[in-house]
Amino acid sequence: MMKIFADENMPLVQAFFAKLGEVTLFNGRTARANDIAEADILLVRSVTQVNEALLAANKKLQFVGTATIGMDHIDRTYLAARNIAFSSAPGCNAQSVVEYVLSSLWCLAERYQWQLRDKTVGIVGVGNIGRRLANALTALHIPVLLCDPIRAKHEADFAHTDFEQLCQQADIISFHTPLTKTGLEQTTHLLNATQLAKLKPDCAIINASRGGVIDNAALLAAQQQCRRPLVLDVWEHEPEILRPLIAYCDIATAHIAGHSIEGKARGTAMLYQRCCELLQIPESAHLSELLPVPAVEKLQISANFGLPDVQNVARMLYDVRRDDALFRYHIEGKGFDWLRKSYPARREFSALQLVGQATPPWLSQLGFN
Ligand SMILES: NC(=O)C1=CN([C@@H]2O[C@H](COP(=O)(O)OP(=O)(O)OC[C@H]3O[C@@H](n4cnc5c(N)ncnc54)[C@H](O)[C@@H]3O)[C@@H](O)[C@H]2O)C=CC1
Ligand SMILES: O=C(O)C(=O)[C@H](O)COP(=O)(O)O
């Protein structure tokens, strides 16, 4: 019987994988080689470094899956050398991150009395998340600048703004790149002391990508010099983050931007589908049948429903201030990993059906059903 080892924080892993083999759960942050030496299939999330140190003792491993978008914790070169099949879950929680950013923008606009339509949002990294965010902001009539040099190289019609220019022009910058450490477009410390000095004095920074995309020490120094609006979901050296930085954040959260129920569950479902393909067996479990029924399924809207109302409806589903309050209350005591493991349920906009005579088309651009 197949031995499947899965991170204990993967939702629905028994529901999906129990028919494929014997499922054993493990602590993703502390897992060592002996813990998973018997695995035929290894399913992880972002906190497990999958490399030779972890896998050298396991000679039978056939497949590694990460139920995440980011892959910076996976040594893909080593897996290829061992001829171990690999899959991530591209886009699984992209909408969840977009809704995190939208909630943060509405929170900042309220706090600083901004009119978001008067602000230009620079999106750095325009893949699954960045493009969805750009669509949503456009639906809200918020101007955007797009920075993605890799897409610019391959897509003649991509409206690229280079990073230097974006830093000088944007009123708000949101990062959505992978964390890469090599290559011409590497993103480690993409926002460093030099670039920070070039931002508009009140340019807001939002990071829900990876902590290392921003030099956190330089960010702290810059904030101490001249405090700007700041939203951090990801931090360098998680879970041992730079604690003094928290006081300089408007919103501080524990790497939970992608943690909607749908976002995490889609990750498990995508790995299940990939395993079924590899094992050449038909899928017998389906996400639509396994997601819990939302507390609020439908909302009747009238012809008067407009953009100001969407913020109120969105806040009913998710208000990032909840996560910020939890973070500040528990970070010193129960800590970063506890905050992630015990993350309260959060449903995506798609869980709510807005019913009306003529629902505005921009609602679907925001992710509503
Ligand atoms: N905070 C959280 O909970 C979550 C964080 N993430 C992070 O967000 C990242 C992005 O996610 P997706 O949009 O789904 O990935 P994606 O791979 O679809 O898009 C990333 C985009 O960044 C671009 N890029 C790479 N290097 C760049 C550079 N130097 N400057 C500008 N653009 C660059 C790529 O060309 C690509 O279009 C993930 O790699 C992951 O690290 C993803 C999900 C949840
Ligand atoms: O998908 C990604 O990439 C993320 O950053 C996930 O939100 C990470 O979630 P965990 O695997 O750390 O629970």
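**Leu199.** I looked up Leu199 and found it in the loop between helix H8 (193-196) and strand S9. Helices here are DSSP runs of H or I with at least four residues, strands are runs of E with at least two, and both are numbered from the N terminus. The model is predicted, so local features need pLDDT of at least 70 and side-chain atom pairs count only at pLDDT 80 or more, while totals for chains, interfaces and linings use all residues. Residues are numbered from 1 along each chain as its sequence is written, chains are lettered from A and ligands numbered from 1 in the order in which they are written, and side-chain values use heavy atoms, with hydrogens and water left out.

Is Leu199 buried or exposed? I noted it as buried, because its relative accessibility is 6%. Buried means under 20% relative accessible area, exposed means over 50%, and partly exposed is in between, with a 1.4 Å probe and protein chains only. Leaving aside neighbours within four places in sequence, Leu199 is in contact with Cys167, Ile173, Ile205 and Arg228. Contact means heavy atoms within 4.5 Å. I also checked Leu199 against Lys264: they are 65 residues apart in sequence and 34 Å apart in space, C-alpha to C-alpha.

**Cysteines.** How many disulfides does the structure hold? The count is zero. A disulfide is a pair of cysteine sulfur atoms within 2.5 Å. Cys167 is in no disulfide, and its nearest cysteine sulfur, that of Cys203, is 7.4 Å away. Cys203 is likewise in no disulfide, with the sulfur of Cys167 as its nearest, 7.4 Å away.

I looked at the UniProt record, an unreviewed entry, which lists Asp148, Thr177, Ala208, Ser209, Arg210, Asp233 and Gly258 under "binding site". UniProt positions are given in the numbering used here, feature names are shortened, and annotations may be inferred rather than shown by experiment.

Ser209 lies in the loop between strand S9 (204-207) and helix H9 (216-225). Ser209 counts as buried because its relative accessibility is 6%. Beyond four places in sequence, Ser209 is in contact with Phe175, His176, Thr177 and Val234. The side chain of Ser209 makes a polar contact with the side chain of Asn207 at 2.6 Å. A polar contact is a pair of N or O atoms within 3.5 Å; within protein, one must be able to donate a hydrogen and the other to accept it, and residues adjacent in sequence count only if both atoms are side-chain atoms.

Gly258 is in the loop between strand S11 (251-252) and helix H10 (261-279). Gly258 is buried, at 9% relative accessibility. Not counting residues up to four places away in sequence, Gly258 touches Asn93, Ser96, Val97, Gly263, Lys264 and Arg346.

**Helix H5.** I checked the length of H5 (residues 128-139). The expected span is 1.5 Å times one less than the number of residues, so the 12 residues of H5 should span 16 Å; the end C-alpha atoms are 17 Å apart, which agrees. The buried residues of H5 are Ile129, Gly130, Leu133, Ala134, Ala136, Leu137 and Ala139. They pack against several elements, including helix H4 (94-112), strand S6 (121-124) and helix H12 (307-317). After H5 comes His141, whose phi is positive, near 60 degrees.
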